[in-house]
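Dear colleague,

Please find below the structure that I am handing over to you. My findings follow it.

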Amino acid sequence: MKIAAFIAAALIGLTAVAQPKIVAHRGHWRTAGSAQNSIASWQKADSVGVYGSEMDVWMNADGGLVVNHDQTFKGVNMVNATFNEATAVILDNGENLPSLDKYLATVAATPGDTRLVLEMKSLPSLVREDEAVAKIVDALRYYHLIDRTDIIAFSINACIAFKKALPPHVPVYYLDGDLTPKKLKALGLDGADYHYNVIYKHPEWVQQAHDLGLMVNVWTVDKIEDMKKLIDMNVDFITTNEPELLQQVLAGKK
């Protein structure tokens, strides 16, 4: 009986370890006092105990770095605007649109294990992208966040530039969904971060990635039925606008 109980406990432990980790998409913003990519969205994501909080970085016309998702937001184009013009934008929760420095300073001042999942937004030229990568890496190093950051990007150029600029252990994931795990491995990347429809179309990519030592994240998963399906597919991370709902699903409460 004791042996059977031990085996059962071990199997339960293995199941728990295999559960995907939660990434809060644009922070935990669907909650009171928050807004997408705001300082509050990071703090609220950290407060609910997720693996990571995702955010998006643009480089402005004058080389400044700001945190926002849409290229044009409240009438301001993040690529064409100056740093001062971008950071003058007021978010829906009353905050100013944050600079990367302000955001990273907040992360650095937050104790705990919540990771920063940093997406660099694609830029009009490869030269601009390389410049943005170098500045982001410098900022992460300044705030001592290199070891607390996962990097994601739709631009394969940016992904490769980050891999060259960062220590090898810092994970860099590709977002666009058009490359097989074998190609990602050949490029030296650490895994796929694909929309769930891509994974539904290519379910074999999950096991192929794992066989190659790569990780698989899926975005942006907000429905319970999709959460359960992807959990069963053994993905490593799920990015969601509903982190607390996903916590309930993983706990078997939904």
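**Contacts and cores**

In this predicted model, L230 is in contact (heavy atoms within 4.5 Å) with Y196, I199, Y200, V218, V221, V235 and I238, leaving aside residues up to four places away in sequence. L230 also belongs to the largest nonpolar core, which has 75 residues; L100, L118, I136, L140, F162, Y194 and L230 are the members that touch the most others. A nonpolar core is a set of buried Ala, Val, Leu, Ile, Met, Phe, Trp, Tyr and Cys residues joined through side-chain atoms within 4.5 Å. Buried means under 20% relative accessible area, exposed over 50%, and partly exposed in between (1.4 Å probe, protein chains only). Helix 5 (residues 126–142) contributes the most to this core, with six residues. Helices (H or I, at least four residues) and strands (E, at least two) are DSSP runs, numbered from the N terminus. Another core, of six residues including V23, V117, I152 and Y173, lies apart from the largest one.

**Two loop residues**

K74, in the loop between strand 4 (72–73) and strand 5 (76–77), has a phi near 55 degrees, a positive value in a residue other than glycine. With 47% relative accessibility, K74 is classed as partly exposed.

H144 sits in the loop between helix 5 and strand 7 (149–153). Its phi is likewise positive, near 55 degrees, and H144 is not a glycine. H144 counts as exposed because its relative accessible area is 70%.

**Basis of the values**

Residues are numbered from 1 along each chain as its sequence is written, and side-chain values use heavy atoms, without hydrogens and water. Local features need pLDDT of at least 70 and side-chain atom pairs count only at pLDDT 80 or more, while totals for chains, interfaces and linings use all residues.

Yours sincerely
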